[in-house]
Amino acid sequence: MGEQEGRGPPEDTIGADYERVISTYYGEDPVTAIINLKVDTKEVDRLATQVSDFACVEDVFLVTGETDIVVKALFRDYRMLKDFVVNDLANLEGIKDTVTLMVVTTYKERGKTKEAAK
């Protein structure tokens with residue numbers, strides 16, 4: 001008998017499990033996402049403008065540090081967020097990497113404190 005290589009489930013199973021958990025958690029609820037883009041520096045203005053044109057995008061910031069562009073976007077549900085990242089952003093030439101953060105709770109937005117969830 002040969003030894004089993006590695007431990008834990010195969011990578012494709014992990015991805016499917018993650019997708020199922022996230023879809024179940026967010027379901028049909030609206031999702032706010034902060035998406036960090038690492039881009040080809042010479043393309044930053046073009047990419048920021050292109051990303052700004054998407055209807056779901058609320059804000060676009062050119063920033064310093066590990067990330068080049070920070071995007072705040074609103075989606076009807078998790079599936080729309082996934083579609084935006086996987087299809088729309090992935091098709092923009094010059095984006096090297098994305099990191100997507102889904103907002104769980106908003107405490108203050110646009111200078112206004114939000115009522116705490118109970």
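Here are some questions and answers on the fold, core, aromatic rings and salt bridges of this predicted model.

Residues are numbered from 1 along each chain as its sequence is written, and side-chain values use heavy atoms, with hydrogens and water left out. Since this is a predicted model, local features need pLDDT of at least 70 and side-chain atom pairs count only at pLDDT 80 or more, while totals for chains, interfaces and linings use all residues.

Q: In what order do the elements of the protein run from the N terminus on?
A: Helices (H or I, at least four residues) and strands (E, at least two) are DSSP runs, numbered from the N terminus. The protein has three helices and six strands. Read from the N terminus on, they run α-β-α-β-β-α-β-β-β.

Q: What share of the 118 residues in the protein is buried?
A: Buried means under 20% relative accessible area, exposed over 50%, and partly exposed in between, with a 1.4 Å probe and protein chains only. Accessible areas come from the Shrake-Rupley method with a 1.4 Å probe, and for residues only the protein chains shown count as cover. The protein's accessible surface comes to about 8,800 Å², with 51% belonging to carbon and sulfur atoms. As for the 118 residues, the buried share is 27%.

Q: Which residues beyond four places in sequence are in contact with Ile35?
A: Contact means heavy atoms within 4.5 Å. Across the protein, residues 24 or more positions apart account for 71% of the contacts with a separation of 6 or more. Leaving aside neighbours within four places, the partners of Ile35 are Ile69, Val70, Val71, Leu81, Phe84, Val85, Leu89, Thr98, Val99 and Thr100.

Q: Which residue in E3 stands opposite Asp59?
A: Two strands pair if DSSP finds at least two bridges between them. Strand E2 (residues 57-62) and strand E3 (residues 69-75) pair in the antiparallel sense over five bridges. Their hairpin has six residues between the strands, and Gly65 takes a positive phi near 110° there. Opposite Asp59 stands Lys72.

Q: How do the planes of Phe54 and Phe84 sit, and what is the angle between them?
A: Rings of Phe, Tyr and Trp (its six-membered ring) pair if their centres lie within 6.5 Å; planes under 30 degrees apart count as stacked, over 60 as edge-to-face and the rest as tilted. The structure holds two aromatic pairs. One of them is Phe54 with Phe84, at 5.1 Å centre to centre. That pair is edge-to-face, and the angle between the planes is 85°.

Q: Which residues form the aromatic cluster?
A: Phe84 is buried at 2% relative accessibility, and so is Phe75 at 6%, whereas Phe54 is partly exposed at 24%. The rings of Phe75 and Phe84 have centres 5.5 Å apart and planes at 50°, so this pair is tilted. The one cluster is formed by Phe54, Phe75 and Phe84.

Q: Which residue forms a salt bridge with Asp68?
A: A salt bridge is a side-chain nitrogen of Lys or Arg within 4 Å of a carboxyl oxygen of Asp or Glu, and a search of the whole structure finds six. Asp68 is buried, with a relative accessible area of 12%. Asp68 lies in the loop between E2 and E3 and its partner in strand E1, so the pair ties together parts that are 30 residues apart in sequence. With the closest N and O atoms 3.9 Å apart, that partner is Lys38.

Q: Which residues are linked in a network of salt bridges?
A: The side chains of Lys114 and Glu109 meet in a salt bridge at 3.3 Å, N to O. Lys114 is partly exposed at 36% relative accessibility, and Glu109 is partly exposed at 25%. The network links Lys72, Glu109 and Lys114.
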